[in-house]
Amino acid sequence: MTHLALLVAGGAALSLLEGSLPRPLPWMKIGLANVATILALYLYGARSAFSVAVLRVLLGGVFLGFGPGFVLSAGGGIAAWGVMALVKETLGGTFSVVGVSIWGALTHNLTQLVLAHLLVRTAAVWALLPAFLWAAGVTGTITGLAADFGLKLLRRYPRRVLR
Amino acid sequence: MTPADRVLLACLLCSGLVWAFWPRDKGEVAVIVGSGGLVAEVSMDRPDTLAVKGPLGTTYVVVGGGEAKIISSPCPQKLCVRSGPVRRPGEVVVCIPNRVAVTIKGRNGPDAVLR
């Protein structure tokens, strides 16, 4: 429980850190907060990762408000959790942490396009699809490598520390 | 990274690059959609400013010189303003909080379907 709370807090801190980094495209976010969900998924399992994803999204809502941004973040974050958990369970041998993270980023971006389509009520937003696919590859890899680094760091500690 | 990771990454990066460098016509018309549906279709040859009312207030769209851009919007993050101008058919700039979308059409019929 304590460790999950720490992951949520760490995810929020990474979000803040990311906010201060320059962005190649205005709407492109690296999504470093997703590192918290991935760490929870690999260290504690899918259920715990779900708690971390939901709490992280709610925490973001408390700080940034519960507007359309919250809807996009909640939908993307929870859909990404679902697909990452599924890919890890079924294809865990085929894809590493980085692959699972890319699947998460891809799901996150596609969900956001669906939600944007519903919010703005125009299919025109799908013009962004190729750019979003490309961005998912880039951000998913960066997030995945960060999560991989985090896992290696945390797994150096004895198992009882992680429970 | 496993081979499957690399294949997945390569597919995503290639799709983006093909899209970015795919040859396209010059954009002629800007199609502006607000929360009530289609607002206007205007030629980008002549300079013009359009005020689009949304749930948060008024978003200002400027066309002219073969491009269209959102110059101000009452949204919190201003992602639409920072996105800059759109020129080529199929490109889009969206303000999700204020429900405004600007898409570009070429001379030869629609490149985007609006609902």
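1. A residue counts as buried if 20 or more other C-beta atoms lie within 10 Å of its own, as exposed if 12 or fewer do, and as partly exposed in between, with C-beta atoms placed from the backbone. By that rule, 45% of the 163 residues in chain A are buried. For chain B, buried residues make up 37% of its 115 residues.

2. The model is predicted: local features need pLDDT of at least 70, side-chain atom pairs count only at pLDDT 80 or more, and totals for chains, interfaces and linings use all residues. Residues are numbered from 1 along each chain as its sequence is written, while chains are lettered from A and ligands numbered from 1 in the order in which they are written.

3. Chain A has seven helices and zero strands. Helices (H or I, at least four residues) and strands (E, at least two) are DSSP runs, numbered from the N terminus. The C-alpha trace of chain A spans about 50 × 35 × 30 Å along its principal axes. Its radius of gyration, taken over C-alpha atoms, is 15 Å, which agrees with the value near 15 Å for a compact globule of 163 residues. The globule rule is 2.2 Å times the number of residues to the power 0.38.

4. How confident is the predictor in chain A? The pLDDT, its confidence in each residue from 0 to 100, averages 88 in chain A, and 96% of the residues score at least 70. Where pLDDT is low, the predicted coordinates should not be read in detail.

5. Chain B has two helices and seven strands, in the sequence pattern α-β-β-β-β-β-α-β-β. Its C-alpha atoms fill a box of roughly 50 × 35 × 25 Å, taken along the principal axes.

6. Four strands of chain B form an open antiparallel sheet in the order β2-β1-β7-β6. Two strands pair if DSSP finds at least two bridges between them. Strands β2 (37-43) and β6 (92-95) of chain B stand at the edges with a single partner strand each, so one side of each has no neighbour in the sheet. Neighbouring strands of this sheet are turned by 15° against each other on average, direction ignored; the axes are lines fitted to C-alpha atoms, for helices over the stretch in contact, and angles run from 0 to 180 degrees between N-to-C directions. Five bridges join β1 (residues 29-34) to β7 (residues 100-105) of chain B, and B:Ala30 has B:Ile104 as its bridge partner in β7(B).

7. A further open sheet in chain B has three strands in the order β3-β4-β5, with antiparallel pairing. Its edge strands are β3 (48-53) and β5 (67-72) of chain B, each pairing on one side only. Five bridges link β4 (residues 58-64) of chain B to β5(B); in β5(B), B:Ala68 is the bridge partner of B:Val63.

8. The largest nonpolar core has 73 residues, and B:Val92, B:Val94 and B:Val102 have the most contacts inside it. Such a core is a set of buried Ala, Val, Leu, Ile, Met, Phe, Trp, Tyr and Cys residues joined through C-beta atoms within 7 Å. Helix α5 (residues 97-120) of chain A gives the most to this core, with ten residues. Leaving aside neighbours within four places in sequence, B:Val102 is in contact (C-beta atoms, placed from the backbone, within 7 Å) with residues including B:Ala30, B:Ala68 and B:Val92.

How values were computed: Contact = placed C-beta atoms within 7 Å.
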